[in-house]
Amino acid sequence: MRQIAPPPRLLMGPGPVDADPRVLRAQSAALVGQFDPWMTRTMAETQELWREVFVTANEQTLIVDGTARAGIEAAIVSLVEPGDRVLVPVFGRFGHLLREIAERAGAEVHVIEAEWGTVFPESVIREAIDRVRPSLVALVHGDTSTTMAQPLDGLGAYCAERGALLYVDATASLGGNTLRVDELGIDAITTGLQKCLGGPSGSAPASFSPRAVETIMGRRSVEAGIRGEGDETAQNRIRSNYFDLAMIFDYWGPKRLNHHTEATSALYGARECARIIVEEGLPATIARHELAGRAMLAGVQGLGLAAYGDLAHRMNNVTGVIIPDGVEPDAVRGAMLEHFGIEIGTSFGPLHGKVWRIGTMGFNARKDAVLTTLAALETCLRRAGAAVPVGGGVDAALDEYAGS
Ligand SMILES: Cc1ncc(COP(=O)(O)O)c(C=O)c1O
């Protein structure tokens with residue numbers, strides 16, 4: 001068997017996208033023992049950097065090992081006890097994931113749904129909170145499946161007034177869209193590295209407000225074998241061991257209680273993702289995503305294609321493209337990959353075969369990546385029989401860059 005040698009690709013789908021080479025380099029650094037003072041200092045630096053990306057002062061800001069779904073599961077299973085009422089506003093595939101995880105955690109789940117391609121008016125969520133009286137409201141910020149971003153202004157304060165915690169899945173949106181955790185009153189938030197944050201999947205940065213921490217620590221139950229005198233063994237302990245945030249807080253905190261073996265290389269990568277954003281400046285990172293997204297949208301429209309969904313609420317970093325009639329969706333994607341090495345995304349569920357999703361995020365929220373993708377798309381569409389204006393996509397995107 002030969003050494004692994006992936007083909008060169010430009011990943012312009014809804015994620016993963018190409019990791020920043022600096023992140024890959026950081027991941028190849030030497031391993032150090034998890035309780036080595038250098039390592040605990042590096043973990044503390046990682047927490048500090050991620051506080052800046054989440055725009056939070058939350059002490060409990062850390063990395064859950066596993067893909068973004070691990071962060072979601074850790075948050076929900078640690079915050080929810082069987083029988084708790086949870087409200088999940090669903091406006092795409094990943095809202096259904098939150099619902100599923102909350103159901104498995106034994107919650108009494110109440111769902112409200114918005115048509116795919118739209119988001120909820122704030123009043124609809126407020127009305128549901130008043131009706132359901134949940135202990136947790138769990139929703140996705142940017143749902144990659146529809147490319148929409150749910151406005152969150154006012155929601156955290158409303159949840160707090162009504163005695164509910166607010167959990168937000170920011171896997172697709174953080175780093176590419178404005179999302180200031182403390183200002184929004186978010187109690188629990190998780191993400192993954194593989195989209196706007198410029199890394200590979202496998203780490204789930206997360207942050208928890210003091211109110212969320214209080215709920216989680218109320219269920220603290222320290223494992224036998226490391227339990228000290230006076231350590232809690234709660235009756236209502238968290239129903240997952242790996243995703244027990246109370247134990248994970250003890251592991252990251254000054255107690256350094258052993259939980260899992262640190263995923264050291266992944267930690268280095270997560271630290272580097274946040275370091276790069278802090279170095280560029282979070283507002284500049286978001287502005288780069290906004291510009292790349294705007295250029296991609298203009299380019300797609302310049303090719304005579306229609307964009308999917310309520311454009312007033314689209315995420316900066318993923319553009320939904322309505323597949324023109326008469327074009328075989330997978331053939332065009334296949335040609336993009338075969339001839340140009342460029343990946344764009346298909347869609348899930350009701351949008352499958354109808355919408356392509358093109359990501360402009362993380363390391364790939366760059367002018368050259370946008371223009372190359374549009375040039376390739378034009379060629380592949382034309383060869384598939386679609387009437388597309390020659391140069392229409394690249395020119396429209398270039399105009400967007402020139403005007404910025
Ligand atoms: C909004 C959202 N939430 C959750 C996930 C799940 O992430 P992962 O596949 O890293 O577990 C994704 C993945 O695309 C996502 O887009």
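This is a predicted model: local features need pLDDT of at least 70, side-chain atom pairs count only at pLDDT 80 or more; totals for chains, interfaces and linings use all residues.
Local features need pLDDT of at least 70 and side-chain atom pairs count only at pLDDT 80 or more, while totals for chains, interfaces and linings use all residues. Residues are numbered from 1 along each chain as its sequence is written.

Leu10 belongs to strand 1, residues 10–11 (strands are DSSP runs of E, at least two residues, and helices runs of H or I, at least four, both numbered from the N terminus). Beyond its neighbours within four places in sequence, Leu10 is in contact (C-beta atoms, placed from the backbone, within 7 Å) with Asp18, Gly341, Ile342, Ala369 and Thr372. Asn364 is 354 residues away along the chain, yet its C-alpha atom is 8.1 Å from that of Leu10.

Helix 2 covers residues 37–54. Its 18 residues reach 26 Å from first C-alpha to last, close to the 26 Å expected at 1.5 Å times one less than the number of residues. Its buried residues are Thr46, Gln47, Leu49, Trp50, Val53 and Phe54. They pack against partners including strand 2 (60–65), strand 10 (203–208) and helix 11 (282–302). Just after helix 2, Val55 has a positive phi of about 55°.

The ligand is surrounded by 13 residues, taken as those whose C-beta atom, placed from the backbone, lies within 6 Å of it. The closest are Thr67, Ala68, Arg69, Thr144 and Thr171.

Conventions. Two residues are in contact if their C-beta atoms, placed from the backbone, lie within 7 Å. A residue is buried if 20 or more other C-beta atoms lie within 10 Å of its own, exposed if 12 or fewer, and partly exposed in between; C-beta atoms are placed from the backbone.
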